[in-house]
Amino acid sequence: MRSAAMKSYIARPDELKPDWHLVDASDKVLGRLATELATILMGKHKPTYTPHVLTGDFVVVINAEKVKLTGRKIEQKEYDHYTYYPSGRKVVPIDRMMERHPERVIESAVRRMLPKNKLARQMLKRLKVYAGPAHPHAAQQPEPLDLVIT
């Protein structure tokens with residue numbers, strides 16, 4: 001006896017219209033905020049999620065300078081990169097990074113939670129992070145997104 005074959009839905013790029021979301025990062029824990037943002041950028045919050053298609057939404061994050069860190073991360077966490085020159089390892093503590101470029105802290109946390117492929121680079125372009133409460137995306141009418149992060 002044959003049963004009816006189930007059909008899987010595969011989203012096509014021409015039929016998707018991304019939404020714009022506004023997230024206030026003040027008093028949110030960095031890692032928990034980054035996981036929620038990565039989920040929205042990947043599109044896993046939608047029923048039309050397809051792994052190989054860009055199904056995610058645009059996210060505008062404001063007040064990045066007011067994000068919280070738990071434990072002793074403010075003293076211990078460091079960002080390092082190598083300049084490919086002799087003795088070119090640069091180490092920046094997170095407290096100095098929060099003073100100078102707080103938006104880079106959120107961007108790097110989200111980047112590391114996305115898949116490691118070309119699609120992730122396109123997803124990351126949809127993340128707009130600003131240190132203060134002002135942003136230039138008012139024309140897109142981003143809807144405020146209330147994330148329940150404890």
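Guide: Let's start with a bridge: I62 in strand β2 is the partner of D24. Strands here are DSSP runs of E with at least two residues, helices are runs of H or I with at least four, and both are numbered from the N terminus. This is a predicted model, where local features need pLDDT of at least 70, side-chain atom pairs count only at pLDDT 80 or more, and totals for chains, interfaces and linings use all residues. Residues are numbered from 1 along each chain as its sequence is written, and side-chain values use heavy atoms, leaving out hydrogens and water.

Strand β1 (residues 20–24) runs parallel to β2, paired over five bridges; two strands pair if DSSP finds at least two bridges between them. From β1 the chain passes through helix α1 (residues 30–42) to β2, a right-handed β-α-β crossover, meaning that the path from first strand over helix to second runs clockwise when the strands point away from the viewer. Strand β5 (residues 127–129) is also parallel to β2, joined by three bridges, and there L127 is the partner of V59.

In a regular strand, side chains alternate between the two faces of the sheet. In β2, F58, V60 and I62 on one side and V59 and V61 on the other are all buried, that is, under 20% relative accessible area with a 1.4 Å probe, protein chains only. Because five of the five residues of β2 (residues 58–62) are buried, the strand is largely enclosed by the rest of the structure.

Technical notes: Buried < 20%, exposed > 50% of the residue type's maximum accessible area, 1.4 Å probe, protein only.
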